[in-house]
Amino acid sequence: MQKMMKPTLSRLLCCAIFLANITSSKAQQASGYQKPPAEMVEMIANTITRKAIISPNGLLLLVLEKQAYPSITELAKPELKLAGLSINPQNNSLTNAEKFSAITLKNTSGKETQPFIGLPPDAQIADVQFSPDNTLFAFTNTTYTGVELWVASTTNYSCKKLTNFYLNNCYGNVYQWATDGQSLLAKFVVDNRPIPPTKPSLPSGPIIQQNLGDVKPTKTYQNLLKNSYDEKLFDYYLQAQLKTVFLNGQVVNYSTPAIFKQFELSPDGNYVLLSTLATPYSYLVPVDYFANTIQLADKYGKIIRKLSTIPLADNLPNGTDAVVTGQREFGWRADKPSTYYWVEAQDGGDPAKRITIRDMVFTQDANQALAKKLASCYYRFNKIDWGDDNIAIITERWFKTRGERRVFIKPSDPMFRVNLWDRYYENNYDNPGEFIKTHNNYHRPVLLTEYQSNSDKENLAIFSVSEGCSALGNRPFILKFNVKTKLTDTLIRSQAPFYEKPIYFNNQDFAIVTRESVTQNPNYYKIELRKKKTEQLTYFIPPYPQLFGVQKRIVNYTRKDGLPLSATLYLPKTYIPKAKLPVLMWAYPQEYKTANAAGQVKTSPYQFTQVPWWSPIFWVTQGYAILDEVAMPIVGESNDQPNDTFVAQLTQNAEAAIAAIVKLGIADEKQIAVGGHSYGAFMAANLLAHTSLFAAGIARSGAYNRSLTPFGFQNEERTYWQAPEVYNTISPFAYADKIKSPLLLIHGEADENTGTFPMQSERFYNALKANGATTRLVMLPLEGHSYKAKESILHTLWEMNTWLNFYVKGK
């Protein structure tokens, strides 16, 4: 006969927690959306999303604001899913485009912040662009019935709607200022458009696709065109008409209706590059891969000549660096009146082909019939930063090796080529950053340069803003780099205890930076370079008083193979040293080709703690220790592929992180949970499937069966049939019978992300349930891959909090 166990206090507490959670679980199932603890609710309510836009001359700072999380009613508005786009058919806009409700102007010379007069009520502001002379800016305002074009004055702070015609903001750019600033070229809903196509009551026949022996792997995209009715809807909502809109409200038709992927005025305003979609469409890839025709038109809309037809890209060779054959990447030279450029693959677009020159770049003046070769690329062309006839910088990359070259060329001399940087782009410690631009006489951004000699045109300096990654954490700086001597100078560098990043610099008078610290919210500051004087421009208050007193630090530790790792640790304000806390570990795996890059620190100990909806930091208010941004590198050097040892390396990463916090005396090994979103969810499920390290797991919007993403995922280029063992080994679905720790699954019902179909969580839950696992599946109505509605986010936090309290803290 068994002995009766005494009802100790710890057992009574566990029973009480168990019964409370059963009660709350039943209530949740009956009453819909739930709310987490008050601290979390307040943090969500206080979250403001801001965007700052600096005028090209640096004298004006526009600040756009909105409440971060809309109501679920916003997500419930009509939506069409066509060719990878999410379209609101009531107003011809993208439902997932970011829009702001408030806008203010700050003069960087020190005047007070000014609100605007005449802003539309319930404004939904987007697509903000300054006029060439900085005296105006244009923006779109999305209403229930359409998207409007507005302008605002930066001198008298007045706003006005330019025209009653509605814009078509479903795809591509929506407007551009003319060079003289007196008009805008904008894309509108077609005049006198009929009613939308009617869905046929019966199908017209089967939908047929075929392949005649060609090897054409295509990733598993979502929300694609499915039938002829979808094609009709696609044509109806994306067809647009370009119009020239003058500041006095006069409107003149510029083009006939078409589906415009892109339109771009030449720097002198005399020509326009037009990119329009061409049929046939594809049921296999989203709209960005559709065929498109490039034409050159004059400023009145007359077509001068057809430049190219870029083919449909649904049959590319395998590999991340695969591109279409023929011409691609059309654009204007920013430093010339009307010279356009394009790129052509020399390897047939196939990265598997062995060849020295991968791409060539060509230019042609709009007034001339002959093209000129500008440069050759040994890697795949990535982008070009224009300067003048004496300098442009081409960036070329090669995914398989993570190689990057930044090449100094002279547009006036196609034979001139100097590699300025030859590096691995995953290596953050030697990243020169983004080049600083200034606006030229055509009001186009070009490289900020400083000639060191009047007679030597090669002896000049360029400038960049680097994140300043180092073993001590990120310390952004402005780099001055002489392209002839390769000598460098650091002009402005972030200093402890601040994290300070330059966002405007003109090499003469002043710079504008964002500055923050562990206790100070990010704000904008003006630094007068000659006077060495700093002036604060904005005074945004910290949004999370709940975090005052929370301890934050970077924890460094080593994996058992010697790879250095790091994570950011948060401790509750009431933490007593050496007290053991329940721990929530949150991470996202990253693949690397070099161990050197994998072991680098990628955060700053001096940044203010931002808490977006996906963050685990909410739980520091509930007595948990949070180990965030836990390094989860998966390394495959040389010819080794990272995913061949994915599970082993993932396990080593987790073991090292746990050992580090246990050694600090913070954690009880039996009270640690692991979680992640998307690829982080995939990670969490794998750790539960292959280890017994964790008390519980949380996996949000992940993919768990890699046979459902058979043509590659993340950075994996091999197909399922090329590496079946790898796909099977890293699929948690295949090990559902091995998962013994409780696993919470959350997924958006409308997840649009490539590979993370809602079915991934549904099937994984069924597999777990069939094998007796402790698991729970939560499907969020109307939510995509990133959750948006306040109700959904609060409920997600409630689900996670209930799960953690019972299976981790309660344990």
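How many bridges join S2 to strand S6 (residues 102-107), and in which sense do they run? I began with this pairing and found six bridges, with S2 and S6 running antiparallel. I note at the outset that this is a predicted model, in which local features need pLDDT of at least 70 and side-chain atom pairs count only at pLDDT 80 or more, while totals for chains, interfaces and linings use all residues. Residues are numbered from 1 along each chain as its sequence is written, and side-chain values use heavy atoms, with hydrogens and water left out.

**Entry 1, the sheet with S2**

Before going on I wrote down my terms: strands (E, at least two residues) and helices (H or I, at least four) are DSSP runs numbered from the N terminus, and two strands pair if DSSP finds at least two bridges between them. I then placed S2 in an open sheet of four strands, ordered S1-S2-S6-S7 with antiparallel pairing. Its edge strands are S1 and strand S7 (114-115), each of which pairs on one side only. Strand S1 (residues 48-54) is joined to strand S2 (residues 60-67) by seven bridges, again antiparallel. I looked up Val63 on both sides: Val63 is the bridge partner of Ala52, and Val63 also stands opposite Thr104 in S6. In the S1 and S2 hairpin, with five residues between the strands, I found Gly58 at a positive phi near 75°.

Is strand S13 (residues 183-189) buried or exposed? Seven of its seven residues are buried, so S13 is largely enclosed by the rest of the structure; here buried means under 20% relative accessible area, exposed means over 50%, and partly exposed lies in between (1.4 Å probe, protein chains only). S13 pairs with strand S12 (residues 175-177) in the antiparallel sense over three bridges, and I saw Tyr175 opposite Ala186 in S13. The hairpin of S12 and S13 has five residues between the strands, and Gly181 there takes a positive phi near 75°. S13 also pairs with strand S14 (residues 240-246), antiparallel and over seven bridges, where Leu184 has Val245 in S14 as its bridge partner.

I traced another open sheet of four strands, with the order S20-S21-S22-S23 and antiparallel pairing. Strand S20 (327-332) and strand S23 (372-377) stand at the edges with a single partner strand each, so one side of each is left without a neighbour in the sheet. The twist from one strand to the next averages 20°. Strand S22 (residues 359-365) is joined to S23 by five bridges, and Val361 has Ala375 in S23 as its bridge partner.

I took axes as lines fitted to C-alpha atoms, for helices over the stretch in contact, with angles from 0 to 180 degrees between N-to-C directions. Helix H2 (residues 38-45) packs with helix H10 (residues 790-809) at an angle of about 150°, their axes 11 Å apart. That makes H2 roughly antiparallel to H10, since angles under 35 degrees count as roughly parallel, over 145 as roughly antiparallel, 65 to 115 as roughly perpendicular and the rest as oblique. The contact (heavy atoms within 4.5 Å) is made by Met40, Val41 and Ile44 of H2 with Lys790, Ile793, Leu794, Leu797 and Asn801 of H10.

Helix H6 (residues 646-663) and helix H7 (residues 679-690) pack at about 90°, with axes 10 Å apart, which makes H6 roughly perpendicular to H7. In their contact I listed Phe646, Val647, Leu650, Thr651 and Ala654 in H6 against Tyr679, Phe682, Met683, Asn686, Leu687 and His690 in H7.

Most residues other than glycine have a negative phi, and most peptide bonds are trans. I found a cis peptide bond joining Thr279 and Pro280, with omega about 0°, and Pro280 lies in the loop between strand S17 (271-277) and strand S18 (292-298). The bond from Ala496 to Pro497 is also cis, with omega near 10°; Pro497 lies in the loop between strand S34 (488-493) and strand S35 (499-505).

Ala83 has a positive phi near 55° and is buried at a relative accessible area of 0%. Ser638, not a glycine either, has a positive phi of about 55°, but Ser638 counts as exposed at 60% relative accessibility.
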